[in-house]
Amino acid sequence: MNISNVATKTGLTTKTIRFYEGKGIITVPERSSNGYRLYGEKHVAELNLIRRSRLVGFSLEECGELLALSRDPKRKSADVKLKAQEKLIEIDHKIEELLTMKKTLETLTKQCPGNEGAACPIIEGLSQD
C-alpha cells in the first residue's frame, strides 16, 4: 500500500511517517520499481504502536525501544511492563508538578484585584525568589 493509505489507516500524516522512517524507528519499506515506498500491515502496526505510545506519554526514543521489544519474539512481558511502570511514575511526578503550579497560580489570582490599578500581586509573586 502507498503512504497515503498508511496515513489514513494510522491517523498520522505522510510527513510524520517519513520522519519516523528517516529516524530509523519503523522498518524501512521496500521500494517499487518506480521508487515508491511499499508499506504493509507490519508498518501499520508499527505506526499504530508509535502513535498510541506517544498518546500515553512515551518519548520517541522510548517508542523505538517498545518497537524493538515488539519485534523480539524472545521478549519478556516483564520488560515491557517495567517500561510502562516507569512511565506511570514519571506521569505521576508531572501531575504533582502541575498541581503545585495550579495551586500557586490560583493563590496569586485570588490575591489580584484585577482592577485598573498598577499594583499586581501576580507580578509581585512571580518576581520573588
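Colleague: Which helix is the place of Glu 21?

Modeller: Glu 21 sits in helix H2, and since this is a predicted model, everything I say about that residue is read from predicted coordinates.

Colleague: Is Glu 21 buried or exposed there?

Modeller: Glu 21 is buried, because its relative accessible area is 11%, and the cut-off for calling a residue buried is under 20%.

Colleague: What does the side chain of Glu 21 make a polar contact with?

Modeller: The side chain of Glu 21 makes a polar contact with the side chain of Arg 37 at 2.6 Å, and another polar contact, at 3.2 Å, links the side chain of Glu 21 to that of Tyr 39.

Colleague: And which residues does Glu 21 touch, not counting those up to four places away in sequence?

Modeller: With those sequence neighbours set aside, Glu 21 touches Ile 26, Val 28, Pro 29, Arg 31, Arg 37 and Tyr 39. As for Leu 47, which is 26 residues from Glu 21 along the chain, the two C-alpha atoms are separated by 10.0 Å.

Colleague: Let's stay with H2 for a moment. At what angle do the axes of H1 and H2 cross?

Modeller: The axes of helix H1, residues 3-10, and helix H2, residues 14-22, cross at roughly 100° and come within 9 Å. The two helices are therefore roughly perpendicular to each other, given that angles of 65 to 115 degrees fall in that class.

Colleague: Which residues make that contact?

Modeller: On the H1 side the contact is made by Ile 3, Ser 4, Val 6, Ala 7 and Thr 10, and on the H2 side by Thr 14, Ile 17 and Arg 18. By residue class, the contact of H1 with H2 divides into four nonpolar, three polar and one charged.

Colleague: Changing topic, what does UniProt list for residues 1-69?

Modeller: UniProt, in an unreviewed entry, lists residues 1-69 as "domain: HTH merR-type". In the model that span is 61% helix and 6% strand, and its end C-alpha atoms lie 25 Å apart.

Colleague: On to H3, then. Where is Glu 46, and is that residue buried or exposed?

Modeller: Glu 46 has its place in helix H3, and Glu 46 counts as buried because its relative accessibility is 6%.

Colleague: What polar contact does the side chain of Glu 46 make?

Modeller: The side chain of Glu 46 makes a polar contact with the side chain of Arg 71, at 3.2 Å. Once neighbours within four places in sequence are left aside, Glu 46 is in contact with Ile 26, Thr 27, Leu 67 and Arg 71.

Colleague: What about Ile 50, buried or exposed?

Modeller: Ile 50 lies in helix H3 and counts as buried, because its relative accessibility is 0%.

Colleague: Which residues is Ile 50 in contact with, leaving aside neighbours within four places in sequence?

Modeller: On that basis Ile 50 is in contact with Tyr 20, Ile 25, Ile 26, Leu 60, Cys 63 and Leu 67. Taking Tyr 20 from that list, Ile 50 and Tyr 20 are 30 residues apart in sequence and 9.1 Å apart in space, C-alpha to C-alpha.

Colleague: And how far from the backbone oxygen of Leu 49 is a polar atom of the Ser 53 side chain?

Modeller: That distance, between the backbone oxygen of Leu 49 and a polar atom of the side chain of Ser 53, is 2.6 Å. Ser 53 is in helix H3, residues 41-55, and is buried, with a relative accessible area of 8%. Apart from neighbours within four places in sequence, Ser 53 is in contact with Phe 58, Cys 63 and Leu 66.

Colleague: Last one: is Ile 123 buried or exposed?

Modeller: Ile 123, which lies in helix H6, residues 121-127, counts as exposed at 54% relative accessibility. The C-alpha atoms of Ile 123 and Thr 109 are separated by 10 Å, and these two are 14 residues apart along the chain.

Methods. Residues are numbered from 1 along each chain as its sequence is written. This is a predicted model: local features need pLDDT of at least 70, side-chain atom pairs count only at pLDDT 80 or more; totals for chains, interfaces and linings use all residues. Side-chain values use heavy atoms; hydrogens and water are left out. Axes are lines fitted to C-alpha atoms, for helices over the stretch in contact, and angles run from 0 to 180 degrees between N-to-C directions. Helices (H or I, at least four residues) and strands (E, at least two) are DSSP runs, numbered from the N terminus. Angles under 35 degrees count as roughly parallel, over 145 as roughly antiparallel, 65 to 115 as roughly perpendicular and the rest as oblique. Contact means heavy atoms within 4.5 Å. Ala, Val, Leu, Ile, Met, Phe, Trp, Tyr, Cys and Pro count as nonpolar, Asp, Glu, Lys and Arg as charged, and the others, Gly among them, as polar. UniProt positions are given in the numbering used here, feature names are shortened, and annotations may be inferred rather than shown by experiment. Buried means under 20% relative accessible area, exposed over 50%, partly exposed in between (1.4 Å probe, protein chains only). A polar contact is a pair of N or O atoms within 3.5 Å; within protein, one must be able to donate a hydrogen and the other to accept it, and residues adjacent in sequence count only if both atoms are side-chain atoms.
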